[in-house]
Amino acid sequence: LGNFVIRYSSALVTTSEEESRATRTLGYRGSLIETRLGAFVFHEAFGRKPSNIDFSIYEEFPKERRILFLGRLARKKNPDFICKIVPLLRTHLFVIAGPEDDWTVEDLSNLLLPDDRKRVIFTDHVNEYEKAWLLYNSGVMLFPSDHENYGISLVEALCAGLPVVASTNVSSSRYISQLGVGDRKSTRLNSSHEWI
């Protein structure tokens with residue numbers, strides 16, 4: 001039934017290059033729109049400062065020393081990993097942007113020493129405009145998920161020109177290698193992950 005529907009549809013939306021190719025091999029000849037699972041290419045002018053960031057703290061750190069985590073505070077996304085590296089990078093600011101899920105802001109704050117808490121900003125949910133602003137005003141994005149079937153935020157960061165450090169368990173981390181900007185490393189903080 002699936003093959004029949006695909007072959008005789010006038011237009012299809014696919015979510016990856018691989019899916020587009022597979023659709024063509026089934027004999028589909030109609031219009032094909034590739035959405036990349038909703039990833040959006042932002043322009044810097046599109047952005048707007050998040051309303052819930054203390055910019056007096058934010059602007060104390062140059063752009064290259066601002067580290068962004070963007071995603072739900074879900075267990076599989078490992079926001080607690082960010083808290084483990086905060087003490088190792090004492091000259092950096094960390095922005096954790098995303099709504100509470102398995103972790104609360106209080107849970108994550110309790111993992112930090114009082115001095116380190118001063119260098120971590122939690123923004124809760126950010127809208128598309130605020131996300132765009134964060135992507136263009138951060139120095140690097142960390143994407144430490146256990147697994148992601150794609151990883152939209154990673155692709156959006158790359159499209160904005162923001163360097164990304166990601167777990168190789170994130171499907172779209174392959175773009176870092178394909179662009180020739182990644183190098184595989186293991187980490188002593190979490191030996192089950194390989195990073196790129």
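1. Overall make-up. This is a predicted model. The protein has 196 residues, of which 43% count as buried. Its secondary structure comes to nine helices and nine strands. Among contacts between residues at least 6 apart in sequence, 62% join residues at least 24 apart.

2. The largest nonpolar core. This core has 27 residues, and those touching the most other members are Y58, L68, L134, L135, M141 and V164. At least two residues each come from α3 (55-58), β3, β4, α7, β6, α8 and β7. Helix α7 gives the largest share, five residues. Another core lies apart from this one; it has 17 residues, including I85, I96, V120 and L142.

3. Helix α7. Seven of the nine residues of α7 are buried, so the helix is mostly covered. The buried ones are E130, K131, A132, W133, L134, L135 and Y136. The buried residues of α7 pack against α3, β3, β4, β6 and α8. At the start of the helix, a side-chain oxygen of N127 comes to within 3.0 Å of the backbone nitrogen of Y129.

4. L135 in detail. Which residues does L135 touch, not counting residues up to four places away in sequence? They are F42, L68, L70, M141, E156, A157, A160 and L162. Of these, E156 and A157 are buried residues of helix α8, and L68 and M141 are, like L135, among the core residues that touch the most other members.

5. Helix α8. This helix covers residues 152-159, and its buried residues are S153, L154, V155, E156 and A157. They pack against β3 (66-70), α7 (128-136), β6 (140-143), β7 (164-166) and α9 (174-178). Just after α8, G161 takes a positive phi of about 85°.

6. Salt bridge between E148 and K76. The structure holds nine salt bridges. In one of them the side chains of E148 and K76 meet at 3.8 Å, N to O. E148 lies in the loop between β6 and α8 and K76 in the loop between β3 and α4 (79-85), so the pair ties together parts that are 72 residues apart in sequence. Are the two partners buried or exposed? E148 has a relative accessible area of 10% and is therefore buried, while K76, at 27%, counts as partly exposed.

7. Salt bridges of D116. The side chains of D116 and R90 meet in a salt bridge of 3.0 Å, N to O. This pair links distant parts of the chain, with D116 in helix α6 (residues 114-117) and R90 in the loop between α4 and β4 (93-97), 26 residues apart. D116 counts as buried because its relative accessibility is 2%, whereas R90 counts as exposed because its relative accessibility is 52%. D116 also pairs with R119, at 2.8 Å, N to O. Both R119 and D116 are buried. Elsewhere, salt bridges that share partners join K76, K77 and E148 into one network.

8. S20. This residue lies in helix α2 (residues 17-25). Why does S20 count as buried? Its relative accessible area is 9%, and buried means under 20%. Leaving aside neighbours within four places in sequence, S20 is in contact with T14, L32 and E34.

9. Surface patch. F4, V5 and Y8 form a nonpolar patch on the surface, and together they have about 360 Å² of accessible area. F4 is placed in helix α1 (residues 2-7). F4 has a relative accessibility of 51% and so counts as exposed, the cut-off for exposed being over 50%.

Technical notes. Residues are numbered from 1 along each chain as its sequence is written. This is a predicted model: local features need pLDDT of at least 70, side-chain atom pairs count only at pLDDT 80 or more; totals for chains, interfaces and linings use all residues. Side-chain values use heavy atoms; hydrogens and water are left out. Buried means under 20% relative accessible area, exposed over 50%, partly exposed in between (1.4 Å probe, protein chains only). Helices (H or I, at least four residues) and strands (E, at least two) are DSSP runs, numbered from the N terminus. Contact means heavy atoms within 4.5 Å. Patches are made of residues with over 30% relative accessible area and no salt bridge: like charges are joined within 9 Å, nonpolar side chains (Val, Leu, Ile, Met, Phe, Trp, Tyr) within 5 Å. Accessible areas come from the Shrake-Rupley method with a 1.4 Å probe; for residues, only the protein chains shown count as cover. A salt bridge is a side-chain nitrogen of Lys or Arg within 4 Å of a carboxyl oxygen of Asp or Glu. A nonpolar core is a set of buried Ala, Val, Leu, Ile, Met, Phe, Trp, Tyr and Cys residues joined through side-chain atoms within 4.5 Å. A polar contact is a pair of N or O atoms within 3.5 Å; within protein, one must be able to donate a hydrogen and the other to accept it, and residues adjacent in sequence count only if both atoms are side-chain atoms.
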